[in-house]
Every structure is written in C-alpha cells, then in structure tokens.
Amino acid sequence: KRINMKKVVISTLGLALMTSSLYAGVCSDKLKYDFTFYGAEDKSYVVTKNTFKTATSNFPSEKLLNATLNIDAFSIDTSADLNNGAAKWPAAMVTVRNNNISNNFFKLFEKDAGKVDVKIVKIAANSMDVEFKMNGVTKVIPFAYKTEGDTIKATGKLDVLAFGVDKAWAQFTAVCKSFHHGKSWNEIDINFEVPASCK
C-alpha cells in the first residue's frame, strides 16, 4: 500500500505548528510592546507605537518574573505612526527612518550591535524592575503597572545614553536633526502589556 507522502508531510507540519504554539504559551502570544520617541526642543514631535519585527520572548512558568525578551534591533519598525506635527510623512519615510535608526545608531554599538536583551527581575504590588542590556551595559529600570480588566499594562522610561552609546547617539542625532525638528530626546517611553494571568 502506497503512503501519500504529501499528506504525511502536511499533517506532520500541522502537528509541529500546533505544538510550537502550545509551547509558546499565552503570555508570549499575547505580549505587546512598543516605545514612544520625542523630537523638537519642546518635545512636540512625537512618534508612537515603534516596535521590532523580530524578537523572542520566554515566560518561565507563564509568569512575568524572569520573563525575557531578546530583540533584534535591526528589525526596527516605525510604520505605525506617520504624524509629522500637523502634517503626515509619506509612507516611504518608514524605510528612511528604519534605516537611519539601524545604520546610524544600533549598528554603531561597540558591543553586541543590534542586540537588546530585556528581563523582568522583580515584581511588586504596582511596580516592577526591568533589566535592559545594550552595548554590553546592563541597567535596571523601574516600570509602573496597573491591571485593567484582564490586562496588565506597564510603562517605564529608558535613557539610551545610560548604555554608553554616546558616539552612536551623536551620529544618529546629527543625521536626524532636520527630521526631528532640531532635537532628538534620549529618553524614550516604553509600554508593554500581557494578560493579567501572567502575573
């Protein structure tokens, strides 16, 4: 009796996909994160919902404590917000922005270019400590969080200059000066959310 190899391959693939999604878990599947960047002397230029296309998350025991996110920073995605003050950037600006950030910032790190590693190291009643590692430098940043319905929403502020990236930042801000209406702010707002069951 001949075995239909195509069917075997398809069902094996289907099983593998099901297993990997089960393995990934609710917390990884439902994790959402982004950051907000500011420009202009008065911080009036705001770019929201920036994220990365490639990142791997791991939630031990499906909980926030010791959860990790390993980001490929070269996969930056700034497409969600094209506001430019009262106007809008053309869609082609996304490629320019993504390339500027990759080539004139992340690529210029002295150590581990393009890598950002994040780990939640402490959870309290309404705050948590989140460890960030960039350019070989590790910093712990406090995040505030609240539970809204069945979702935990957390926010924190990260100063990119705390990671010894002064040269990269100088290059980035020089290239982007006109785009950012004269000034780039080194402090960014980071937001993330997960299901409340992940606490």
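1. Strands E2 and E5 run antiparallel and are joined by two bridges; strands here are DSSP runs (E, at least two residues), helices likewise (H or I, at least four), numbered from the N terminus. Two strands count as paired if DSSP finds at least two bridges between them. Within this pair, Phe52 faces Ile76 of E5. The model is predicted: local features need pLDDT of at least 70 and side-chain atom pairs pLDDT 80 or more, while totals for chains, interfaces and linings use all residues. Residues are numbered from 1 along each chain as its sequence is written, and side-chain values use heavy atoms, with hydrogens and water left out.

2. E2 also pairs with E1, in the antiparallel sense, over four bridges. Gly39 is opposite Tyr45 of E2. Five residues lie between the strands of this hairpin, and Ala40 has a positive phi near 80°.

3. On E12, E1 has an antiparallel neighbour, joined to it by five bridges. Tyr33 has Phe192 of E12 as its bridge partner.

4. These pairs belong to an open sheet of 10 strands with antiparallel pairing, in the order E3-E4-E8-E9-E10-E11-E12-E1-E2-E5. The chain as a whole has three helices and 12 strands.

5. Helix H2 has 12 residues, which at 1.5 Å a residue should span 16 Å, and this agrees with the 16 Å between its end C-alpha atoms; the expected span is 1.5 Å times one less than the number of residues.

6. The structure holds one cavity of 30 Å³ or more. The largest cavity has a volume of about 690 Å³, and of its 43 lining residues the closest to the centre are Phe35, Phe52, Phe106, Ile188 and Ile190. On a 1 Å grid over the protein atoms alone, a cavity is a set of points where a 1.4 Å probe fits but cannot get out; lining residues have an atom within 4 Å of a point. Points are joined across faces, edges and corners, and a volume is the space filled by probe spheres set on them.

7. Elements that each supply at least two residues to the lining of the largest cavity include strand E1 (32-39), strand E2 (45-52), helix H2 (93-104), helix H3 (166-176) and strand E12 (187-195). The lining divides into 33 nonpolar, seven polar and three charged residues. Nonpolar covers Ala, Val, Leu, Ile, Met, Phe, Trp, Tyr, Cys and Pro, charged covers Asp, Glu, Lys and Arg, and the others, Gly among them, are polar.

8. The largest pocket (an open set with protein on both sides within 12 Å along at least five of seven lines) contains about 180 Å³ of space. Among its lining residues are Tyr33, Lys146, Lys153 and Phe192. E1, strand E10 (137-148), strand E11 (151-159) and E12 give two or more residues each. This lining has five nonpolar, two polar and five charged residues.

9. Over the chain, 37% of the 199 residues are buried. Of the contacts (heavy atoms within 4.5 Å) with a separation of 6 or more, 60% are between residues 24 or more positions apart.

Conventions: Buried < 20%, exposed > 50% of the residue type's maximum accessible area, 1.4 Å probe, protein only.
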